[in-house]
Amino acid sequence: MSYFIVFAGKGGTGKSTLAALTVRYLREKKLMPVLAVDADPNFCLPELLGISSFETLAEIRDNALNSKPEGMSLDEWLEIELNRIVEESEGFDLLVMGRPEGSGCYCAVNNVLKRILQEISEQYKYIVIDNEAGMEHISRGIVNKIDLLFIIGTPAKSSLQAALRINELSKELNLSPERRILVINQATEKLEEHRIFSSYFEKVSYLCFDEEIKRISEKGGSIFSLKNHSSVIRDFYSLLEEEIGR
Ligand SMILES: Nc1ncnc2c1ncn2[C@@H]1O[C@H](COP(=O)(O)OP(=O)(O)O)[C@@H](O)[C@H]1O
Ligand SMILES: [Mg+2]
């Protein structure tokens with residue numbers, strides 16, 4: 001059974017950065033096979049994982065009915081197309097969801113896609129999902145299981161309030177993640193007032209602000225170029241070790 005690691009939180013908190021670091025961690029620990037899923041329409045994960053050319057699931061969804069060869073069923077065609085767009089990289093594969101549905105109705109396509117996605121995901125031991133700010137893909141049933149939910153916030157009050165809302169939403173969606181972890185990222189200090197969060201989450205962790213991470217994103221570099229001595233790597237890897245090794 002695949003192990004689903006999902007990142008959620010307000011935009012700009014560090015979801016994509018930490019999702020990419022998780023892929024790096026799994027690759028380094030040889031915990032494979034890994035599927036990374038970029039479920040944010042403003043995809044950032046490919047760049048962070050050093051992948052520059054890819055097609056999105058949205059593109060194949062929108063073209064499916066027109067591009068399907070005659071005589072082939074929608075199921076067969078989407079399966080071929082989906083397998084084609086899963087990018088194979090060193091130590092992990094990547095699937096980019098792309099933008100949500102446009103004005104057309106893709107119900108038939110979506111239902112088939114959901115089923116094929118589930119079949120594809122069964123081939124992976126670890127699935128890392130970089131979510132959009134809301135929980136759209138999850139609420140639409142594309143993800144129906146979460147083992148480890150990282151809700152990312154920054155010390156900004158609005159972002160921690162968003163983290164609490166997302167936490168509530170994840171409960172309402174009946175996904176019952178085994179573990180819900182609040183990560184207060186880009187932090188400069190631990191604040192006493194954060195203690196209240198420990199009653200809402202299995203764990204509350206801090207990651208500090210790291211100049212090199214910021215520089216990598218400004219230059220458009222990949223997370224694989226981040227130096228091993230970064231304290232974010234040290235602290236986040238030990239959090240992953242504790243959680244995934246449980
Ligand atoms: N611990 C950190 N230290 C410094 N900058 C960070 C840290 N985590 C994330 N960032 C930066 O914050 C910005 C937003 O991060 P990103 O991962 O794209 O967030 P999200 O996916 O939640 O929108 C990026 O410029 C990223 O490099
Ligand atoms: Mg992002």
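Me: Take Glu-178. Leaving aside its neighbours within four places in sequence, which residues is Glu-178 in contact with?
Reply: Glu-178 is in contact with Asp-147 and Leu-148, once neighbours within four places in sequence are set aside. Bear in mind that this is a predicted model.

Me: Where does Glu-178 lie?
Reply: In a loop. That loop runs between helix 7 (157–172) and strand 7.

Me: Does Glu-178 count as buried, exposed or partly exposed, and why?
Reply: Partly exposed, because Glu-178 has 14 C-beta neighbours inside 10 Å.

Me: New topic: the ligand. How many residues surround ligand 1?
Reply: There are 18. The closest are Gly-14, Lys-15, Ser-16, Thr-17 and Ser-217.

Me: Which helices and strands each supply at least two residues of that shell?
Reply: Helix 1 (15–28), strand 7 (179–187) and helix 8 (211–219).

Me: How do the shell residues divide into nonpolar, polar and charged?
Reply: Ten are polar, five are nonpolar and three are charged.

Me: Let's switch to helix 4. How many residues does helix 4 have, and how far does it reach?
Reply: Helix 4 covers residues 74–85, twelve in total. From first C-alpha to last, helix 4 reaches 16 Å, close to the 16 Å expected at 1.5 Å a residue.

Me: Which residues of helix 4 are buried?
Reply: Leu-78, Glu-81 and Leu-82. Looking down the axis of helix 4, these buried residues fall within an arc of 100°, so they line one face of the helix.

Me: What do they pack against?
Reply: The buried residues of helix 4 pack against helix 3 (57–67) and helix 5 (107–121).

Me: And what is exposed on the other side of helix 4?
Reply: Asn-83 and Arg-84 are exposed there.

Me: Now zoom out. How many helices and strands does the chain have?
Reply: Nine helices and eight strands. The radius of gyration is 18 Å, close to the 18 Å that the globule rule gives for 246 residues, so the chain is as compact as a globular protein of that length.

Me: What percentage of the residues count as buried?
Reply: 36% of the 246 residues.

Me: Last one. Of the contacts with a separation of 6 or more, what share comes from residues 24 or more positions apart?
Reply: 74% of those contacts.

Conventions. Residues numbered from 1 in each chain as written. Chains lettered and ligands numbered in written order. Predicted model: local features only at pLDDT ≥ 70, side-chain atom pairs only at ≥ 80, totals over all residues. Near = placed C-beta within 6 Å. Helix = DSSP H or I, 4+ residues; strand = E, 2+ residues; numbered from the N terminus. Nonpolar A, V, L, I, M, F, W, Y, C, P; charged D, E, K, R; others polar. Expected span 1.5 Å × (residues − 1). Buried ≥ 20, exposed ≤ 12 C-beta atoms within 10 Å, placed from the backbone. Arc of directions from axis to C-beta. Contact = placed C-beta atoms within 7 Å. Rg over C-alpha atoms; globule rule 2.2 N^0.38 Å.
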